[in-house]
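Dear colleague,

Please find below the structure that I am handing over to you. A description of selected features follows it.

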Amino acid sequence: MAHKILIVDDAAFMRMMIKDILSKNGYEIVGEAADGAQAVEKYKETQPDLVTMDITMPEMDGITALKEIKKLNPSAKVIMCSAMGQQAMVIDAIQAGAKDFIVKPFQADRVLEAIGKTLG
């Protein structure tokens, strides 16, 4: 069975890029969200195997959403997506329970490597 993935990014273009990479490699996209609050709701609805989470978003940022998802499911697997120069936020995210992070612009092999490693 294909691993189920929830994609969270406020930029539709970025969601589309990740969706494209993952769909072509046999992953099932169970949902998309444009901000952290939507991400938490979609997580409850879809119970994905993994979440790709943008750090900087309106409404609720990715780190807050990560913490909320971890409250719902302490073993949730979340990979953060960040732009260059967000090292401090990436460290916060890892401390909050993120499994890995990928840097924008996305490189397909790096995205697949991070997801493969996280899903084991």
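Predicted model: local features only at pLDDT ≥ 70, side-chain atom pairs only at ≥ 80, totals over all residues.

**The annotated aspartate**

In UniProt, an unreviewed entry lists Asp-54 under "modified residue: 4-aspartylphosphate". In the model, Asp-54 belongs to strand E3, which covers residues 50-54. Asp-54 counts as buried, because its relative accessibility is 3% and the limit for a buried residue is under 20%. Apart from residues up to four places away in sequence, Asp-54 touches Val-8, Asp-9, Asp-10, Gly-62, Met-80, Cys-81 and Lys-104.

**Helix H5**

Helix H5 runs over residues 108-119. From its first C-alpha to its last, this helix of twelve residues reaches 16 Å, close to the 16 Å expected at 1.5 Å a residue. Which residues of H5 are buried? They are Val-111, Ala-114, Ile-115, Thr-118 and Leu-119. These residues lie on the same side of H5, because they cover an arc of only 120° around the axis. The other side of H5 carries the exposed residues Asp-109 and Lys-117. The cover over the buried residues of H5 includes strand E1 (4-8), helix H1 (12-24), E3, strand E4 (78-82) and E5. After H5 comes Gly-120, which has a positive phi near 65°.

Strand E5, made up of residues 100-103, contains Asp-100. Is Asp-100 buried or exposed? Asp-100 counts as buried, since its relative accessibility is 8%. When neighbours within four places in sequence are left aside, the contacts of Asp-100 are Val-78, Ile-79, Met-80, Ile-94, Arg-110, Ala-114, Lys-117 and Thr-118. With Arg-110, the side chain of Asp-100 makes a polar contact of 3.0 Å. Arg-110 itself counts as partly exposed, at 25% relative accessibility.

**Salt bridges**

Side chains of opposite charge can pair when their charged atoms come close. How many salt bridges does a search of the whole structure find? The search finds ten. Several are described here.

- A network of salt bridges links Asp-100, Arg-110, Glu-113 and Lys-117. Within helix H5, Glu-113 and Arg-110 are three residues apart, about one turn of the helix, and the closest N and O atoms of their salt bridge are 3.7 Å apart. Glu-113 is partly exposed, with a relative accessible area of 44%.
- Lys-19 and Glu-32 form a salt bridge in which the closest N and O atoms are 2.6 Å apart. This pair links distant parts of the chain, with Lys-19 in helix H1 and Glu-32 in strand E2 (residues 28-33), 13 residues apart. Lys-19 is partly exposed at a relative accessible area of 31%, and Glu-32 is partly exposed at 26%.
- Glu-41 and Lys-44 meet through their side chains in a salt bridge of 3.3 Å, N to O. Both residues lie in helix H2 (residues 36-46), three residues apart, about one turn of the helix. Glu-41 is partly exposed, with a relative accessible area of 41%, and Lys-44 is partly exposed, with 42%.

**An exposed phenylalanine**

Helix H1 also contains Phe-13. Phe-13 is exposed, because its relative accessible area is 52% and exposed means over 50%. Its C-alpha atom is separated by 23 Å from that of Lys-77, which is 64 residues apart from Phe-13 along the chain.

Yours sincerely

Technical notes. Residues numbered from 1 in each chain as written. Heavy atoms only, no water. UniProt positions renumbered as here; feature names shortened; annotations may be inferred. Helix = DSSP H or I, 4+ residues; strand = E, 2+ residues; numbered from the N terminus. Buried < 20%, exposed > 50% of the residue type's maximum accessible area, 1.4 Å probe, protein only. Contact = heavy atoms within 4.5 Å. Polar contact = N/O pair within 3.5 Å; in protein donor to acceptor, adjacent residues only side chain to side chain. Expected span 1.5 Å × (residues − 1). Arc of directions from axis to C-beta. Salt bridge = Lys/Arg side-chain N within 4 Å of Asp/Glu carboxyl O.
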